[in-house]
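Dear colleague,

Please find below the structure that I am handing over to you, followed by an account of what was found in it. I would be grateful if you could read the two side by side.

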Amino acid sequence: KPLDSPTPLGSDSRNRAALRSLSRSAAMLSRFVSSMFKPKDRYSLDMLKYYHQQLQKNLVMNEKNRDLIIETLRSLAELLIWGDQNTPAMFDFFLENNMLQFFYNILHQRTAQSIKVQLLQTLSILIENIQSTRM
């Protein structure tokens, strides 16, 4: 084939394989870039802000972001309990940014049962363990 006549994408198995490889590479790059911005200190206000951003970026729950949402909710519970006992600014951030609204929105979406189960576990853990009287 002459070099100046392009082959339409997806017209043969080599193009499809190249597209799959490119898609995997793009996904890996995306995970790498997002990990660069994830705070190193697991118990910090910056980490709470990072989790808040993850929820803001994923307002609509689906199969693609299910695992991310579940892990974010689980980590939020752990971080907020630690913050309640050690850094009041974390719980203040949680309240000031109305993060309970994210929880409410998740419950009212048609989404995976596993996300709703994790959300209910997160709320239960927070109710049981948060000692702050600032609510």
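Helices (H or I, at least four residues) and strands (E, at least two) are here DSSP runs, numbered from the N terminus. On that basis the elements of the protein chain run α-α-α-α-α-α from the N terminus on, that is, 6 helices and 0 strands.

The model is a predicted one, in which local features need pLDDT of at least 70 and side-chain atom pairs count only at pLDDT 80 or more, while totals for chains, interfaces and linings use all residues. Residues are numbered from 1 along each chain as its sequence is written, and side-chain values use heavy atoms, with hydrogens and water left out.

Overall burial and contacts

A residue is called buried under 20% relative accessible area, exposed over 50% and partly exposed in between (1.4 Å probe, protein chains only). Of the 135 residues of the protein chain, 30% count as buried. Contact means heavy atoms within 4.5 Å. Among the contacts in the protein chain with a separation of 6 or more, 62% come from residues 24 or more positions apart.

The nonpolar core

A nonpolar core is a set of buried Ala, Val, Leu, Ile, Met, Phe, Trp, Tyr and Cys residues joined through side-chain atoms within 4.5 Å. The largest such core has 25 residues, of which Leu48, Leu76, Leu80, Met99 and Phe103 touch the most other members. At least two residues of this core come from each of helix H2 (45-57), helix H3 (66-86), helix H4 (88-96), helix H5 (99-107) and helix H6 (113-129). The most is given by H3, with 7 residues. Not counting residues up to four places away in sequence, Leu48 touches Leu76, Leu79, Leu80, Met90, Phe93, Phe94 and Met99. In soluble globular proteins, nonpolar side chains tend to be buried together.

Helix packing

For the values that follow, axes are lines fitted to C-alpha atoms, for helices over the stretch in contact, and angles run from 0 to 180 degrees between N-to-C directions. Angles under 35 degrees count as roughly parallel, over 145 as roughly antiparallel, 65 to 115 as roughly perpendicular and the rest as oblique. A crossing is left-handed if the near helix is turned anticlockwise from the far one by less than a right angle, and right-handed if clockwise. In the counts by class, Ala, Val, Leu, Ile, Met, Phe, Trp, Tyr, Cys and Pro are nonpolar, Asp, Glu, Lys and Arg are charged, and the others, Gly among them, are polar.

H2 and H4 have axes 9 Å apart and pack at an angle of about 20 degrees, which makes H2 roughly parallel to H4. Their crossing is right-handed. Leu45, Leu48, Lys49 and His52 of H2 form the contact with Ala89, Met90, Phe93 and Phe94 of H4. By class, these are 6 nonpolar, 1 polar and 1 charged residues.

The axes of H3 and H6 come within 9 Å and cross at roughly 0 degrees, so H3 is roughly parallel to H6. On the H3 side the contact includes Ile69, Leu73 and Leu80, and on the H6 side it includes Ile115, Leu119 and Leu126. The residues of this contact divide into 10 nonpolar, 4 polar and 3 charged.

H5 and H6 pack at an angle of about 145 degrees, their axes being 10 Å apart, and H5 passes H6 in a left-handed crossing. Leu100, Phe103, Ile106 and Leu107 in H5 meet a set of H6 residues that includes Leu119, Leu123 and Leu126. This contact of H5 with H6 has 9 nonpolar, 1 polar and 1 charged residues.

Individual residues

Asn98 lies in the loop between H4 and H5. Although Asn98 is not a glycine, its phi is positive, at about 50 degrees. Most residues other than glycine have a negative phi. Asn98 counts as partly exposed, at 42% relative accessibility.

Gln54, in helix H2, is buried at 7% relative accessibility. Leaving aside neighbours within four places in sequence, Gln54 is in contact with Leu68 and Thr72.

Gln131 is placed in the segment after H6 and is exposed, with a relative accessible area of 62%. Gln131 and Ile81 are 50 residues apart in sequence, and their C-alpha atoms are 8.5 Å apart in space.

Lys38 is found in the loop between helix H1 (13-36) and H2 and is partly exposed, with a relative accessible area of 35%. Not counting residues up to four places away in sequence, Lys38 touches Met47 and Tyr50.

Yours sincerely
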